[in-house]
Amino acid sequence: QFELDHQDDLNAYLAGQTGEAEMIEDTGAWDNYRGSYRPLVEFARQHGLPVIAANAPGATVRCVGREGAGYLDTLPPKQRARLPDQPFQDTPAYREKFVAAIAGSHGSDTTEMSGRMLRMYQAQLLRDTTMALQIARAHRENPGHQILHTTGTFHSEGRLGTVAALQSIAPELKIAVVSPVFWPTNEPDLELEKYRGAGDLLYVILPLPTEYRDAERGRKAMAERFKRPASPDC
């Protein structure tokens, strides 16, 4: 949710120096902040706990997606130092998962990526490894504390993505992956077996309300939500 270059903006809110609307504006928080993230941030604020801005800067991620891994070599030294030394480490299983998600049944050889697909994958890895590095840094700065990292399931299920990167960066850490599973009330016998391997623990929750029943309105809303931002100056 929060990119690491907005840590100061987040800290200002936690310290009572800015209001919530100011924090949301200053950090560029997502449109689902109030519904999905606010309870965690408010719990931390009320109990004096740190909140770590873990994600890679969006502009940097987009430029890697456009220019490829070499873009990081053009960053100013101070900016580059905040990112992982080796940001593009991956595993065959994660590469295969990514290709399947992007290309679906049209994916071919998952071991040989090139062009736009490779750049997209490198951008994904940059997010994963940056979040992993931020978790490791937070642990060093707060020894003995448990760290709760919230992220999209693609980044953590099967102990891939961010989890694999964190294990590489800080192998001494004890890591548990908690994955959400929607359990409709009209399905009393949820087939949990099909979720085996998604996480070390499954968090069973009720489905969210339907956002759109009008298909066309839903399509327009999704297009607006995920529209490409203005092309960054890379």
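Trainee: Hi! What should I know before I start?

Mentor: In this predicted model, local features need pLDDT of at least 70 and side-chain atom pairs count only at pLDDT 80 or more, while totals for chains, interfaces and linings use all residues. Residues are numbered from 1 along each chain as its sequence is written, and side-chain values use heavy atoms, with hydrogens and water left out.

Trainee: Which residues touch the most other members in the largest nonpolar core?

Mentor: F2, L10, M23, Y33 and V41 do, in a core of 13 residues. A nonpolar core is a set of buried Ala, Val, Leu, Ile, Met, Phe, Trp, Tyr and Cys residues joined through side-chain atoms within 4.5 Å; buried means under 20% relative accessible area (1.4 Å probe, protein chains only).

Trainee: OK, new topic. How many aromatic pairs are there?

Mentor: There are five. Rings of Phe, Tyr and Trp (its six-membered ring) pair if their centres lie within 6.5 Å; planes under 30 degrees apart count as stacked, over 60 as edge-to-face and the rest as tilted. One of the pairs is Y94 with Y121, tilted, at 6.2 Å centre to centre and 45° between the planes.

Trainee: Is Y121 buried or exposed?

Mentor: Y121 is buried, because its relative accessibility is 0%.

Trainee: Why is the pair of F98 and Y121 tilted?

Mentor: Because the planes of F98 and Y121 lie at 45°, with the ring centres 5.0 Å apart.

Trainee: Which residues form the aromatic cluster?

Mentor: Y94, F98, Y121 and F154 form one cluster.

Methods. Buried < 20%, exposed > 50% of the residue type's maximum accessible area, 1.4 Å probe, protein only.
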